[in-house]
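Please look through the sequence and the structure below before reading on. The report then takes up a few topics in turn.

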Amino acid sequence: MTSTLDDIRSRISELKKQRNAVILAHNYQLPDVQDVADFVGDSLRLSQRAAQTDADVIVFCGVHFMAETAAILAPQKTVLIPDLDAGCSLAATITADALRKWKAEHPGVVVVTYVNSTAEVKAESDYCCTSSNAVKVVESIPKDKEILFAPDMFLGEWVRRQTGRTNIHLWPGSCHVHHKIKTDDIVALKKEKPKAEFIMHPECGCLSTALPIADKVLSTEGMVQYAHSSPAKEFIVATETGILHRMQKDNPEKRFYAANPEAVCEFMKMITIEKVLWSLEDLKYRVTVPKEIADRARRAIDRMVAIV
Ligand code: 13P
Ligand code: SF4
């Protein structure tokens, strides 16, 4: 017998009560998954929610590093990811060994790592940051301190520009999804939709060439909030397309256009509503981080969560 979407939703809601579970979903998740979540947000807000929740079980609908961060912040909780293969091409660009080698080449530096990284890499870092607080995190570090920023070079370049610091070394990592967003396509779309505001995520590979025409550079949550508060009625959105669902739902009278409709993160899309149900049924797949790594990574993550 096949289950309808309504059956799946009501089964999820029963199991959530039975298990005292909360469902956290990233802004890039599939619409059905966002709609069944208790909270939808960006990496920073999701980490804060995971740290604060009273639930016993957290079903993390996002990618693996996000669930790992939740497991580090809430070690006494059961943190589940509905599909263990939901990885991140950006996080995969750096290993703990490679970071240790890089640090050895720059003695005395401060390491700032984007949350899109493994727990092992975070454990080698002094600070973590997300796209919404990267500039503030770097500003909290004395100006004369040399910084290694990993793994996203475009976010790092944005931080360099915003802080005016020249002593930031960048790891050459990037996200394959944000790489698909091109300045020429944005220019063409702006001609078609002349009244639309153009907002972009700092992970975009076209950051430096598209910056002169951008109205705002924002994290995914920053984009959602800006779309709500801006008087504009149309927006060109340069990030993963999953965010358009939430923007459209929150602002039915406004119109949102993807800078590239093919900017779809296949890792984020591995989480389906059926898998959310199976995750709650069988308490799978549990994400844990070895204590020794979690304790070292938590220092850097706590600093990230504290700087809003
Ligand atoms: P946000 O922190 O802006 O939600 O970004 C997460 C991410 O994976 C971007 O690709
Ligand atoms: Fe990673 Fe890019 Fe997917 Fe974000 S969109 S989770 S950075 S692969």
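## Salt bridges

A salt bridge is counted here when a side-chain nitrogen of Lys or Arg lies within 4 Å of a carboxyl oxygen of Asp or Glu. The structure is a predicted model, and by this rule it holds 20 salt bridges.

One of them joins Lys249 to Asp35, where the closest N and O atoms are 2.7 Å apart. Lys249 belongs to helix H12 (residues 243–250) and Asp35 to helix H2 (residues 31–36), so this pair ties together parts that are 214 residues apart in sequence.

## Domains

The domain assignment divides the chain into three pieces of text to keep in mind: domain 1 (5–88 + 268–292), domain 2 (91–174) and domain 3 (178–258). Domain 1 is therefore written as two stretches of the chain, since its bounds come from an automatic or database domain assignment.The C-alpha centres of domain 1 and domain 2 lie 27 Å apart. Ten residues from domain 1 and eleven residues from domain 2 take part in the contact between them.

The size of an interface is often given as the accessible area lost when the parts come together. For domain 1 and domain 2 the buried area is about 800 Å², with 60% of it on carbon and sulfur atoms.

Two elements give two or more residues to the side of domain 1 that touches domain 2: helix H3 (43–52) and helix H4 (64–73). H4 gives the most, with four residues. By residue type, this side of domain 1 divides into five nonpolar, two polar and three charged residues.

How many salt bridges cross the interface of domain 1 and domain 2? The rule finds zero. Polar contacts are present, however, and the count between domain 1 and domain 2 is four residue pairs, with both residues at pLDDT 80 or more.

## Around ligand 1

The residues that surround ligand 1 include His26, Tyr28, Asp42, Ser43, Tyr114, Asn116 and Ser131. Also among them are His178, His201, Glu203, Ser219 and Thr220.

In Ser43, a polar side-chain atom lies 2.8 Å from an oxygen atom of ligand 1. For His201, the distance from a polar side-chain atom to an oxygen atom of ligand 1 is 2.8 Å. An N or O atom in the side chain of Glu203 is 3.0 Å from an oxygen atom of ligand 1.

## Backbone details

Which form, cis or trans, does the peptide bond from Ala150 to Pro151 take? This bond is cis, with omega near -10°. Pro151 sits in the loop between strand E7 (147–150) and helix H8 (153–163). The peptide bond from Lys284 to Tyr285 is also cis, and its omega is near -5°. Tyr285 is in the loop between helix H13 (273–282) and helix H14 (291–306).

Asn20 is a residue other than glycine with a positive phi, near 50°. Its place is the loop between helix H1 (5–19) and strand E1 (21–26).

Technical notes: Residues numbered from 1 in each chain as written. Chains lettered and ligands numbered in written order. Predicted model: local features only at pLDDT ≥ 70, side-chain atom pairs only at ≥ 80, totals over all residues. Heavy atoms only, no water. Contact = heavy atoms within 4.5 Å. Buried area = accessible area lost by both parts, 1.4 Å probe. Polar contact = N/O pair within 3.5 Å; in protein donor to acceptor, adjacent residues only side chain to side chain. Nonpolar A, V, L, I, M, F, W, Y, C, P; charged D, E, K, R; others polar. Near = heavy atom within 4 Å.
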